[in-house]
Amino acid sequence: MQRQWSLQAPGEPEAEPGGEELCEQEMERLCLSQQPVRVLPYAMVDKRFIRQLREPEGVKTSCWQQWRRRRQTVGRRLGEAARRLTRGCGLWEGALYEIGGLFGTGIQSYFTFLRFLLLLNLLTLLLTSGFILLPLVWLRPPDPGPALNFTLQCPGSGHLPQPGVSKFNNLLWNVFTGRAFNNTYLFYGAYQAGPESSSTYSIRLAYLLSPLACLLLCFCGILQRMVKGLPQKMFLGQDYRSPLSAKVFSSWDFCIRGQEAATIKRHEISNEFKMELEEGRHLLLLQQQTRAQRACHLLTYLRVNILIGLLVVGAISAIFWATKYSQDNKEESLFLLLQYLPPGVIALVNFLGPLLFVFLVQLENYPPNTEVNLTLIWCVVLKLASLGMFSFSLGQTVLCIGRNKTSCESYGYNACDYQCWENSVGEELYKLSIFNFLLTVAFAFLVSLPRRMLVERFSGRFWAWLDREEFLVPKNVLDIVEGQTVTWMGLFYCPLLPLLNSVFIFLTFYIKKYTLLRNSRASPRRFRASSSIFFFQLVLLLGLLLAAVPLGYVVSSIRSSWDCGLFTNYLAPWQVVPELVALWLPPPSQRILYYLGSHAFSFPLLILLSLVLTVCISQSQASSRAIRRLRKQLVWGLSEPFPAALRASIAEGRESGRDMGWTMSRRPLD
């Protein structure tokens, strides 16, 4: 650019007057622009020339400008350090590069997602340790004081039974069921605190707000990554389809190393072309269908989806009855097996459900991409519905939701069977998390590994058909999201469950890496959304909402256990907030808080948010219309003389305040 603006190379024809005028206008704009030089889309030599134009020799910059430049440099370095921290401080960089080079960015995205979940769990653990565990150790709270005097009147027994005590004095089984950690900080019942008036730091308030703050921070992180990973098709329009020429010239991944990886990539590109042609064929057949054929297709669609819906209902009903039976028969001789009955049923449902969904969705004769998307949607519905039904079944058994019992009417929960119901719920979530990880280990070393050894050992048509296991990214993502959802559900009942899940995710990374490199093969059928961060974050966000709703209901409405925990003298955990407000804040501040929580403030806030939402929607629609106009202008610009089109685009960019400097790095065409 510098050479182009200053001198004309010998032997070259003179530039057109229009081109020189455009260059002068661009130089003037760059000199007057406040945009940093480092972000300009020019070569390093051109950036030095632009800096000389802005700061001629002999002209000293002011102290204010020097301080501002140093502040920008420090801010930029801090931002880069924060971005490195969010990427995991280089954790697993070498392994991720190896996986991306051998199998492409689609499978690499799953392992990147594992690292993101590990960072979320470590952040949650840091907040819990900083606001709850360290103050407990440092302050050494006094005796929690007298609890409410409850006299249990349980029908059919003169004393309070101790349900769920293992009849096998085996420490290993106690570790698997969580009984060995009942008196530790792993569960809710071990946390104690004195009266609020005798302490300057409220452990109860920290214990109450820490899970909510963790969920809020996780929501912000997921939302930020979701916005970053928005599919480009959303901005280009639903009717946009990339041309085959773009796939021909831009499909190759230059990060791939090795002959085997290159062969895999060639097959992947070939399958991509086959998928495009198959979708085009389906679209053509759809346009040629008669009314009778469309009616038959609609009936098939309704029949298949009704059948899938019935399967989902049956699956969640099985989970409900398994959880109820496990809780109602704790004194049976098969106690240890009954403890893992609900996790076992959930695992069985999540294993058989996707297989049946794939078979049934294929009956509808959809294009490959639509077929995979529908299967994934039903898998997400099944997994989240199973966890939701598991939570509801626990609530019905422990908290007497929809049941009438003497202890429930008196104490707000099933006090006869559960002295510390928070610990019981925490144990169930602990067992579910343990079972999910053990299932991952067992499937990797007892299914995938023997299958690979048998395929390599024997030859024949059957073994060639069996082959190695396909590494399916969507299925693995749904499995890890299920474990993360269980962790979020247990933040109140089992505060150190994120530590356990962090260990599980760390080990899962290496187990899945071993399975991918040794026991699996890349899927020959590429799923378009497998490398989409947006799809992963959307499923994770649904899991976060599923965990937040029961937690909010328990914190605000459910009676705490009278025999254990921090909130023994409170009808609900949230009651500690108004007590502390009345104890610590002066009357003017109390009135302000009460006003912020009243309807007089809620309704104007709702109206303001509605107006902001309307403005955002209007801006989004305007941006969509602008994108469509720009796309048409790009098409029209191909038939116009290039300098005229370039002049029009620069003038339009200057009017809209956009930076169109990147168009001036090239010489005007004839």
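Select R452 and E456 to start: both residues lie in helix α17, four residues apart, about one turn of the helix. Helices here are DSSP runs of H or I with at least four residues, strands are runs of E with at least two, and both are numbered from the N terminus. R452 and E456 form a salt bridge, with the closest N and O atoms 3.5 Å apart. A salt bridge is a side-chain nitrogen of Lys or Arg within 4 Å of a carboxyl oxygen of Asp or Glu. R452 is buried at 15% relative accessible area, while E456 is partly exposed at 47%. Buried means under 20% relative accessible area, exposed over 50%, and partly exposed in between (1.4 Å probe, protein chains only).

This is a predicted model, in which local features need pLDDT of at least 70 and side-chain atom pairs count only at pLDDT 80 or more, while totals for chains, interfaces and linings use all residues. Residues are numbered from 1 along each chain as its sequence is written, and side-chain values use heavy atoms, leaving out hydrogens and water.

**The whole chain**

Of the 670 residues, 40% are buried. The chain exposes about 38,500 Å², with carbon and sulfur atoms supplying 64% of that area; accessible areas come from the Shrake-Rupley method with a 1.4 Å probe, and for residues only the protein chains shown count as cover.

Next, select 205-223 and 592-618, two of the ranges that an unreviewed UniProt entry lists under "transmembrane region". UniProt positions follow the numbering used here, feature names are shortened, and annotations may be inferred rather than shown by experiment. Residues 205-223 are 100% helix, and their end C-alpha atoms are 27 Å apart. Residues 592-618 are 93% helix and 0% strand, with end C-alpha atoms 34 Å apart.

**Back to α17**

Select E428 and K431. Their salt bridge has its closest N and O atoms 3.1 Å apart. The two residues are about one helical turn apart, because they are three residues apart in helix α17. Both E428 and K431 are buried.

Now select L348, F351, L352, L355, F443, F445, L446 and V447, which make a nonpolar surface patch of about 740 Å². Helices α14 (341-361) and α17 (421-457) each give two or more residues to this patch. Patch residues have over 30% relative accessible area and no salt bridge; like charges are joined within 9 Å, and nonpolar side chains (Val, Leu, Ile, Met, Phe, Trp, Tyr) within 5 Å.

C420 lies in the loop between α16 (406-411) and α17, and C564 in the loop between α21 (533-557) and α22 (576-584), so the pair ties together parts 144 residues apart in sequence. A search of the whole structure finds one disulfide, a pair of cysteine sulfur atoms within 2.5 Å. The torsion about the S-S bond of C420 and C564 is about 85 degrees, so the disulfide is right-handed. C420 is buried at 14% relative accessibility, and C564 is buried at 8%.

**Last stops**

Select K383 and D479, a salt bridge with closest N and O atoms 3.0 Å apart. K383 lies in helix α15 (residues 368-398) and D479 in helix α19 (residues 473-489), so the pair ties together parts 96 residues apart in sequence. K383 is buried at 6% relative accessibility, whereas D479 is partly exposed at 30%.

Finish at D467, in the loop between α18 (461-466) and β1 (469-471). Phi of D467 is near 55 degrees, a positive value in a residue other than glycine.
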